[in-house]
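Subject: Structure handover

Hi,

Here is the structure I promised to pass on to you. My notes on what turned up in it follow just below.

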Amino acid sequence: MQRILVPTDFSPTAEKAFHFALDIATKSKGTVILYHVYTPVESAFIDSEQKRKLYNTQTETNLAKRLQRLAKKVTAHTAAVPVSTVLGRTPIIDNILGFAEHNQVTLIVMGTQGVSGLKKTIIGSVAARIAEKTDIPVLLVPEKFEWKEPEQIVFATNYQKADKQALSMILSLAKIYGAAVTIVHLYKVYAMEKEKEQTDFDTYAYSLQREFSDVKLHFQLLESSSVTETMENLDKKIPYDMMTMVRRKKNFLEKFFIKSFTTNMAYITNRPLLIVPDEEE
């Protein structure tokens, strides 16, 4: 969390993400890069290459000034955080991913707009596509989120190899906020397998607590007839301020046939969602 990238389209939701990134940077003594990608004009309607170049130059100047005004506005009370503003050119996804990789970004913070229900899809969502492709942790801040320091962080797990790596980052975030961490596993209700589920979960919990012995972790195993519905309403069972999940890498067939449950969670929660990529698979 030492070098945080905040892509912005100047929307109120993106500004919420910027606020959150600044708060993390303040507490972790990090830096923030406020980043905007625009599409230069290449249309023949601007009838000469020289005029197009002049138009694009003026557009870049105006956007750079707008970025600086936004940075000045939001950082008015957080002057201690170094904030740089950068303007990039489309294609937006490749540009953001490339910039983050080449500039050693350790966390991407983005705003996202939600819909009701996992069955609905968002076409062309930049935040979802970034979270799906990048090897950098992404914190998604929903449009309905009202600022509140996270006091309860939920880590939803399916016993993945990357859990320990992800938990290290989650605990770093929890530490700067003094937040508690609850590790949750959901399983579908099959009466004959309840005992085995509990045994597996207890073994997993013991292993993690032993690995992170200097921190008190909380664990909760939840029965669910529908994992999707339970996740949508998880806050009613376990009050939380932030959810974290590992994004598992998929093979070709999985990419073709299966939409990412982790990414879709961004659209059904009104709380921030931290997605940590699985780098081990």
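**Overall picture**

Of the contacts in the protein chain (heavy atoms within 4.5 Å) that join residues at least 6 apart in sequence, 79% link residues at least 24 apart. Please keep in mind that this is a predicted model, where local features need pLDDT of at least 70 and side-chain atom pairs count only at pLDDT 80 or more, while totals for chains, interfaces and linings use all residues. Residues are numbered from 1 along each chain as its sequence is written, and side-chain values use heavy atoms, leaving out hydrogens and water.

The protein chain has 10 helices and 10 strands; these are DSSP runs numbered from the N terminus, helices being H or I with at least four residues and strands E with at least two. Of its 281 residues, 47% are buried, meaning under 20% relative accessible area, with exposed over 50% and partly exposed in between (1.4 Å probe, protein chains only).

**Confidence**

The mean pLDDT (the predictor's confidence in each residue, from 0 to 100) is 86 for the protein chain, and 86% of its residues reach 70 or more. Two stretches deserve a mention here. Over residues 115-124 the pLDDT is below 50, and this stretch has 15 contacts in the model beyond near neighbours in sequence. Residues 251-258 also stay under 50, with four contacts beyond four places in sequence.

Helix 1 (residues 12-28) has 17 residues and should span 24 Å at 1.5 Å a residue, which agrees with the 24 Å between its end C-alpha atoms; the expected span is 1.5 Å times one less than the number of residues. Because 12 of those 17 residues are buried, helix 1 is largely enclosed by the rest of the structure. Among the buried ones are Phe-18, Phe-20, Leu-22 and Ile-24.

What does helix 1 meet in helix 5? Phe-20, Asp-23, Ile-24 and Lys-27 of helix 1 meet Leu-173, Ile-176 and Tyr-177 of helix 5. The axes of helix 1 and helix 5 (residues 163-177) are 10 Å apart, at an angle of about 80°. That makes the two helices roughly perpendicular, a label used for angles of 65 to 115 degrees.

Helix 2 (residues 49-74) reaches 37 Å from first C-alpha to last over its 26 residues, close to the expected 38 Å. Its buried residues include Leu-63, Leu-67 and Leu-70, and their cover includes helix 1, strand 2 (31-38) and strand 3 (83-89).

**Backbone details**

Most residues other than glycine have a negative phi, and most peptide bonds are trans. Phe-10, in the loop between strand 1 and helix 1, has a positive phi of about 70° although it is not a glycine. Is Phe-10 buried or exposed? With a relative accessible area of 17%, Phe-10 is buried. Gln-104 also has a positive phi, about 50°; this residue lies in the loop between helix 3 and strand 4 (107-112) and is exposed, at 55%.

The peptide bond from Thr-90 to Pro-91 is cis, with omega near 10°, and Pro-91 sits in the loop between strand 3 and helix 3 (92-102).

Best wishes

Terms used. Axes fitted to C-alpha atoms, helices over the stretch in contact; angles between N-to-C directions. Parallel < 35°, antiparallel > 145°, perpendicular 65-115°, else oblique.
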